[in-house]
Amino acid sequence: MIAANNPQLKSWIEVSPDSDFPIQNLPFGVFTSRENTPRLCSAIGDYVVDLDKMNQLGFFTDLQIPRNIFENRYLNEFIALGKKKTNEVRERISELLDTKNDKWNAKELADHFLYKHEDVQMLMPVKVNDYTDFYSSIEHATNIGTLFRDPENALLPNWRHLPVGYHGRASSIVVSDTPIVRPHGQQIPNDSKQPVFGPSKLLDFELEMGFVVGKSNPLGSPVSTAIAEDHIFGLILFNDWSARDIQKWEYVPLGPFLGKSFASTVAPWVITLEALEPFRVQGPTQEPAVLPYLQYSGMKNFDVHLEVIIQLENGQAKTVSNSNFKYMYWNMAQQLAHHTINGCNLNVGDMCASGTISGPTPDSYGSMLEISWKGTKPVQMPDGSERRFIHDGDTVIMKAHCEKNGIRIGFGDTRGKIHPAKQLDLA
Ligand code: CA
């Protein structure tokens, strides 16, 4: 067992049982505060842990990491040190916060490196240069195929043979709490051949889990499923905003474009693959058998409970989905092996998202398109209004956590409030 994952560990910082950040988590992020430039951090309970300050206090000296590695706008350089080093840092943070370990007098020096969450601003944790979005939930792909094509042949012929994906837009991935502006675009009215232009009327979320590439592969060098997880630094909760009306008109024949590229929202925290070790589960049986380069052994799925909440302007909120990352038909190792099998080089900080994660029942669907069944089954909100898609003023909140043996590992939230479409001056 990884020492930092020991369920017996307890921190000298009090952590409430429903916190996302017990001592067994220790995720990585980037923050800034009134008195500080951006720097790398971890989290424990209600506190952000300033890793640069910890480094200045000499807590990492023997680990021989570059001096200014934590004084950084993004995690990328730290991630590029490799899992051996980044795991050593996580293990050391664990020791420093452990109630049984006071070798470094960390508790006495806590004022130097702990900040209350509400006193800091969390920043986009990773510089994402390339983003790929998969389509790996069989329940989601089946729902979409049923809604838009033929319920008898909901899955296209390739779906069970390869993890379908497309190359997404990296520049518009934003951190939680960034305002989301309703996008404009072309739409095709029902029974019309003539498109119209205007703000999207069918704005939607997609409940997804992303992974951050932690190790580059050179151009021309595929990564096998057996070592694919060595190339994954950690996981990040991901909302892939989608404008369904724009998407519907534009996506044939080359796939998603402006209906997706206006924004995606991520949580501020990357949860290491190591912290998630205790939550591995067997994935679904793949039938028919996949080609040899996609075969894998061991448990490559993760039991992560997922929740989507729509919060109204008046503060009232409703949970519209309870799903789970374990439902994924194609796992991350297969996605990474497939992505690189043609020799494509992935780089540190690249992001790959799972695709919408839907479960088997309507209360576990991962998009409003499915939850409202293309608008035919509106959701009743606490103020008496209905939702088929997302309204201006709504805030979409996603949460994720694993739980086992009394240990709860959370992912931090993704929050995005929808602001009205801008007035365009196209003259
Ligand atoms: Ca997506």
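The model is a predicted one, in which local features need pLDDT of at least 70, side-chain atom pairs count only at pLDDT 80 or more, and totals for chains, interfaces and linings use all residues. Residues are numbered from 1 along each chain as its sequence is written, and side-chain values use heavy atoms, with hydrogens and water left out.

I placed Asp 177 in the loop between strand 8 (173-175) and strand 9 (180-181) (strands, E, of at least two residues, and helices, H or I, of at least four, are DSSP runs numbered from the N terminus). Its phi is near 80°, positive although the residue is not glycine.

I then turned to Asp 191, which sits in the loop between strand 10 (184-187) and strand 11 (196-199). Asp 191 also has a positive phi, near 60°, and is exposed at 85% relative accessibility. I noted that most residues other than glycine have a negative phi, and most peptide bonds are trans.

**Cis peptide bonds**

I found a cis bond between Val 252 and Pro 253, with omega about 0°. Pro 253 belongs to the loop between helix 6 (244-250) and strand 16 (264-266). Another cis bond runs from Glu 287 to Pro 288, with omega near 0°. I located Pro 288 in the loop between strand 18 (280-281) and strand 19 (301-302).

**Calcium ion**

I asked which residues coordinate the calcium ion. They are Asp 133 (OD), Glu 206 (OE), Glu 208 (OE) and Asp 240 (OD), at 2.2 to 2.3 Å. Donors here are N, O and S atoms within 2.8 Å of the metal (3.2 Å for Na, K and Ca); water is not among the atoms, so sites may look incomplete. Along the chain the donors have the spacing D-x72-E-x1-E-x31-D. Glu 208 is in strand 13 (residues 207-213) and Asp 240 in the loop between strand 14 (232-239) and strand 15 (242-243), so this pair ties together parts 32 residues apart in sequence. I checked the accessibility of both: Glu 208 is buried at 0%, and Asp 240 is buried at 1%.

Note on methods:
Buried means under 20% relative accessible area, exposed over 50%, partly exposed in between (1.4 Å probe, protein chains only).
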